[in-house]
Amino acid sequence: MSDRMDRIVSLCKRKGFVFQSSEIYGGAASVWDYGPLGVELRRNVADAWWSAMVHARDDVEGMDAGILMHPRVWEASGHVGGFADPLVECKTCKRRWRADHLDDSACPRKPSLTPGAHKECEIGEPRLFNLMFKTFMGPVEENAAVVYLRPETAQGSYVNFLNVQQTSRQRVPFGIAQLGKAFRNEITPGNFIFRTREFEQAEMQYFVEPGADDEWFEYWRDRRLAWHTEMGVRPEKLRLAEHGPDELAHYAKAALDIEYEFPFGWQELEGVHNRTDFDLSRHQEFSGKRLMYIDPGSSKRFVPYVVETAMGVGRAVLVLLVDAYREEEVAGENRVVLALHPRLAPVKAAVFPLVKKHGMPETAAKLHEALRRARIPSFYDQAGSIGRRYRRQDETGTPWCLTVDGQTSEDGCVTVRDRDTLAQERVGLDHVAAWIRERLE
Ligand code: GAP
């Protein structure tokens, strides 16, 4: 990992964003736990996505399907037969890697080289390795009871397509959005929370009339790219990468990645896919049930095409952390700051009494309580110098620090210090909550 990545990972651990899973047992490979600040950030990202994709629109409905589904779902979707990566093994080291990721992988031998580069090493022929986790439904471990942990949320939307359309009385074009866990037994997980075996997806399936799919594909490409910049990601760090014919997933007619420039290179952040009528047609065939849409106005009947947007929430969190992380010098001192969009910041305001006397702690505690009542996540801190308190909040991305000082008892105001501009202004104690709300909206 690069130095910058190392410093971000270390900040995440030190400040309670992300911990290695089961650390006291030596860690579970590529599984990460979100700590008190990380879970807030992740929820804020998921909420911002849900708000933009479901609440702000009349044409997208939300739903939440089970992680476990009928095993035939995954036969119909093509995942049992085709959701596989090429795996190679070194006959000497006994390590395994993804054949198409060898350039980014390391052999366990020293000096650190790519797999196969040491003369003792011998990489075998690639074989396909299915990425779905298998488990058993019920108490008997027999073949008939095999089920899979879903590798994407999308299939839950397809098998419920008519349930959602009919109950919500939607007409095509319309979409179904889901947020939920997905699982893939990745051969080479890594780069912190970038590629993990358990991850949360934010996916939306948009059902359109065949023939309208190319236009909707462009619409959703532009909308999703814009959303990332609305969340504060620097536009110059984002780009679109269209998949060539040999890169397309088994279900796709067209696909592109919204990529971000991570410290480890340009990598996929979100995918936009034209899945045609592949999934719905396959579920019709395998279930024997019709998944035909009948338009109430024109009485046209068709199996809709699907344009999908698919983002990993953890991967979006990593983009936001990497993009917001800055090391700078302020008034001759170094500071680390997470310049997160205020809407996404885990804590919105920190409340400080300037000194631990003259009634300042009491006034500050009341302000903190008032913010809590207004459901504005805030943090009370009276430990250390004011400069150190600012630094601690900068590191965790708190946009505003509110200081109760000697003047507060006279003018009823606190000093609000802005994390990014360092500008200070006086705001009335009674108006602080509204002042913050206004800026969050
Ligand atoms: N339903 C389509 C689908 O799942 P995908 O490109 O395989 O498409 C969508 O995955 C998004 O899910 C990716 O762009 C990425 O953000 C996230 N993702 C996929 N695999 C992941 C993994 N192993 N760890 C973390 N995020 C992952």
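**Notebook: domains, sheets and pockets**

I began with the domains: the C-alpha centres of domain 1 and domain 2 lie 29 Å apart. I note that this is a predicted model, in which local features need pLDDT of at least 70 and side-chain atom pairs count only at pLDDT 80 or more, while totals for chains, interfaces and linings use all residues. Residues are numbered from 1 along each chain as its sequence is written, and side-chain values use heavy atoms, with hydrogens and water left out.

**Entry 1: domains**

I looked up the domain bounds, which come from an automatic or database domain assignment. The assignment gives domain 1 (3-74 + 137-321), domain 2 (84-130) and domain 3 (347-440). I then checked contact, meaning heavy atoms within 4.5 Å. On the side of domain 1, 5 residues are in contact with 9 residues of domain 2.

**Entry 2**

Two terms first. Helices (H or I, at least four residues) and strands (E, at least two) are DSSP runs, numbered from the N terminus. Two strands pair if DSSP finds at least two bridges between them.

I traced an open sheet of 7 strands with mixed pairing, in the order E3-E9-E10-E16-E13-E12-E11. Strand E3 (60-62) and strand E11 (238-242) each have a single partner strand, so they stand at the edges and one side of each is left without a neighbour in the sheet. From one strand to the next, the twist averages 25°. For angles, axes are lines fitted to C-alpha atoms, for helices over the stretch in contact, and the values run from 0 to 180 degrees between N-to-C directions.

I followed E3 to its partner: E3 and strand E9 (residues 174-183) run parallel and are joined by 3 bridges. Val-60 has Gly-175 in E9 as its bridge partner. Helix H2 (residues 36-55) packs on this sheet and touches E3, E9, strand E10 (198-208) and strand E16 (305-312). The direction of H2 makes about 160° with that of E9.

**Entry 3: the sheet of 5 strands**

I found another open sheet, of 5 strands in the order E20-E19-E21-E22-E23, also with mixed pairing. The edges are strand E20 (378-380) and strand E23 (424-428); each has a single partner strand, so one side of each lacks a neighbour in the sheet. Direction ignored, neighbouring strands here are turned by 25° against each other on average.

Strand E19 (residues 349-353) and strand E21 (residues 400-404) run parallel, joined by 5 bridges. Ala-349 stands opposite Trp-400 in E21. Helix H10 (residues 360-373) packs on the sheet, touching E19, E20, E21 and strand E22 (413-418), with its direction at about 165° to that of E19. Helix H13 (residues 432-440) also packs on the sheet; H13 touches E19, E21, E22 and E23, and makes about 170° with the direction of E21.

**Entry 4: cavity and pocket**

I used a 1 Å grid over the protein atoms alone: a cavity is a set of points where a 1.4 Å probe fits but cannot get out, a pocket is an open set with protein on both sides within 12 Å along at least five of seven lines, and lining residues have an atom within 4 Å of a point. Grid points are joined across faces, edges and corners, and a volume is the space filled by probe spheres set on the points.

The search of the whole structure finds 1 cavity of 30 Å³ or more. The largest cavity holds about 40 Å³ of space. Its lining consists of Trp-227, His-228, Met-231, Val-233, Ala-316, Val-319 and Leu-320. Helix H7 (213-230) and helix H9 (313-324) are the elements that give two or more residues to this lining.

The second largest pocket has a volume of about 290 Å³. Among its 14 lining residues, Asn-44, Arg-343, Lys-348, Arg-437 and Leu-440 are the closest to its centre. H2 gives the most to this lining, with 4 residues. Domain 1 and domain 3 both give residues to the lining, so the pocket lies between them.

**Entry 5: backbone details**

Most residues other than glycine have a negative phi, and most peptide bonds are trans. I listed some exceptions. Lys-110 and Pro-111 are joined by a cis peptide bond, with omega about -5°. Val-172 and Pro-173 are also joined by a cis peptide bond, with omega about 10°. Ser-22 is not a glycine, yet has a positive phi of about 55°.
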